[in-house]
Amino acid sequence: MTDAPSPAATPEAYVLGVDSGGSGLRVALGRVDADGPLFTAVCAEPVRTGAGGIDAAHLLEQLLPAAAGLLERAGDGGAGDSPGQVAAGQVAALAVGAAGMATLGGRLRAELPGALAEALGVRRMALAADAVTAYAGAVGQRPGAVVAGGTGMIALGTDLTAWHRADGWGHLLGDSGGGAWIGRAGLDAAMRAHDGRRGGSPALLARLHAVFGAAESLPGLLYPRSDRPAVLASFAPEVAACAGADEVAAGILREAAAHIAEAAAAVCPTAGLQDDEDCEVALTGGLFRMGEPLLGPVREELARLVPQARVTTGTGDPLTGALRIARALALDDLRLPHHPTMLFVPAGDGPSGRVGAEARNEGPEPGGVPADGAVNGVADRPTDRDTSPVRRSSDISG
């Protein structure tokens with residue numbers, strides 16, 4: 001299949017969008033001429049991450065059968081030579097958004113383009129950080145900013161010439177105002193009430209007892225867990241539920257809102273807008289499903305720090321964003337900035353028909369993200385799904 005030409009982007013051509021996160025892999029099939037998916041598939045097993053980064057082979061093991069199944073549902077059932085295969089020419093473009101892409105996506109960028117060209121006959125593709133697909137889903141291809149909040153928090157903005165990033169550095173170094181940050185602050189206030197220290201909240205202590213049991217048992221429940229950020233974030237909705245009647249809880253959300261607005265202000269573009277045009281700031285992710293107890297203070301802080309901001313609630317999720325990027329690629333209309341780690345777009349067909357190196361990925365790193373992905377850990381996993389089995393009143397993981 002490597003010598004087959006890229007399919008023409010006719011209106012009936014198919015595109016694929018992929019969203020890989022902490023709760024699994026989602027795949028959407030769409031057409032070039034229509035917004036939104038025709039069909040979607042969910043692979044419940046998250047793509048493995050190891051010492052070498054995100055496991056490209058494991059992603060392909062799930063993606064390729066899912067793509068074949070979606071095409072069969074769409075009516076093009078005579079896919080490849082055998083079940084589970086896709087014939088060359090069925091997919092015009094594909095975009096993969098993955099949590100951890102910027103810092104842990106080296107193997108994906110090295111291995112996926114050739115493998116997807118071989119398996120699907122597709123040469124128009126993009127590999128993006130999930131914050132970029134969140135941006136595309138919430139804002140589209142316009143200048144603006146997005147705040148993606150879940151267990152963590154990241155802000156991303158662009159004037160369509162470069163990406164600007166703030167936070168998203170993980171719960172130990174940042175993610176200020178995100179779900180884990182709010183949950184930890186709430187549990188701190190609960191433990192202060194348990195000890196009789198200043199700044200405690202009896203209301204939050206009561207919610208700690210209801211969710212986790214005895215306060216003394218909390219360290220033993222929390223510290224051995226590998227998913228501590230998700231466990232902390234599971235308490236954030238309890239803080240929101242108490243905020244109406246408890247000043248300590250309300251103060252935590254006001255401080256979270258200040259962090260969120262500061263990150264948005266840092267990335268909101270000043271170029272690329274008309275003189276009288278507002279800067280759209282889209283709030284997306286499960287964090288903002290906590291509603292007015294958080295959204296109210298966020299709007300107030302944004303009005304103070306970014307008076308030109310027009311705050312919206314993102315309606316399209318990262319899977320929608322991946323489909324939009326794939327459509328733009330199919331139509332040669334991708335206006336979002338290419339970048340070595342944030343939005344990697346391999347070059348098109350070369351003389352041998354093989355996918356080549358990245359095209360137009362020059363430019364500074366957003367927020368100091370190293371192009372080689374040398375930062376270790378999960379700093380680029382701001383919107384990972386909450387996989388914690390701890391009982392919680394609401395899922396904010398996005």
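Phe212 and Phe235 are both buried, where buried means under 20% relative accessible area, exposed means over 50% and partly exposed lies in between, computed with a 1.4 Å probe on protein chains only. The model is a predicted one, in which local features need pLDDT of at least 70 and side-chain atom pairs count only at pLDDT 80 or more, while totals for chains, interfaces and linings use all residues. Residues are numbered from 1 along each chain as its sequence is written, and side-chain values use heavy atoms, with hydrogens and water left out.

A search of the whole structure finds two aromatic pairs. Rings of Phe, Tyr and Trp (for Trp, its six-membered ring) pair if their centres lie within 6.5 Å; planes under 30 degrees apart count as stacked, over 60 as edge-to-face and the rest as tilted. The rings of Tyr135 and Trp163 have centres 5.4 Å apart and planes at 85 degrees, so this pair is edge-to-face. Because Tyr135 lies in helix H4 (residues 130-138) and Trp163 in strand E10 (residues 163-167), the pair ties together parts that are 28 residues apart in sequence. Helices (H or I, at least four residues) and strands (E, at least two) are DSSP runs, numbered from the N terminus. Tyr135 and Trp163 are both buried. For Phe212 and Phe235, the ring centres are 6.1 Å apart and the planes stand at 35 degrees, so the pair is tilted. Phe212 belongs to helix H6 (residues 202-212) and Phe235 to the loop between helix H8 (228-233) and helix H9 (236-242), so the pair ties together parts that are 23 residues apart in sequence.

H4 is mostly covered, with nine of its nine residues buried. Among them are Asp130, Thr133, Tyr135 and Gly137. Gly140, whose phi is positive, near 90 degrees, follows H4. In strand E10, Asp167 has a positive phi of about 65 degrees although it is not a glycine. Asp167 counts as buried because its relative accessibility is 13%. A ring also takes part in a contact with a charge: the charged end of Arg165 sits over the ring of Trp169, 3.9 Å from its centre. A charge sits over a ring if NZ of Lys or CZ of Arg is within 6 Å of the ring centre and within 35 degrees of the ring normal.

Two packed helices are described by the angle between their axes and the distance between the axes. The axes of H5 and H6 come within 8 Å and cross at roughly 105 degrees. Axes are lines fitted to C-alpha atoms, for helices over the stretch in contact, and angles run from 0 to 180 degrees between N-to-C directions. H5 and H6 are therefore roughly perpendicular to each other; angles under 35 degrees count as roughly parallel, over 145 as roughly antiparallel, 65 to 115 as roughly perpendicular and the rest as oblique. The residues making the contact include Gly186, Leu187 and His194 of H5, and Pro202, Leu208 and Phe212 of H6. Contact means heavy atoms within 4.5 Å. By class, the contact of H5 with H6 has 10 nonpolar, two polar and no charged residues. Ala, Val, Leu, Ile, Met, Phe, Trp, Tyr, Cys and Pro count as nonpolar, Asp, Glu, Lys and Arg as charged, and the others, Gly among them, as polar.

Ile182, in helix H5 (residues 179-195), counts as buried because its relative accessibility is 0%. Not counting residues up to four places away in sequence, Ile182 touches Gly177, Ala236, Val239, Ile252, Leu253, Ala256, Leu287 and Met290.

Two loops give another contrast. Gly121, in the loop between helix H3 (106-120) and strand E7 (125-129), is buried, with a relative accessible area of 0%. Asp332, in the loop between helix H12 (318-330) and strand E13 (343-344), counts as exposed at 64% relative accessibility.

The protein chain as a whole has 12 helices and 13 strands. Of its 398 residues, 56% count as buried.
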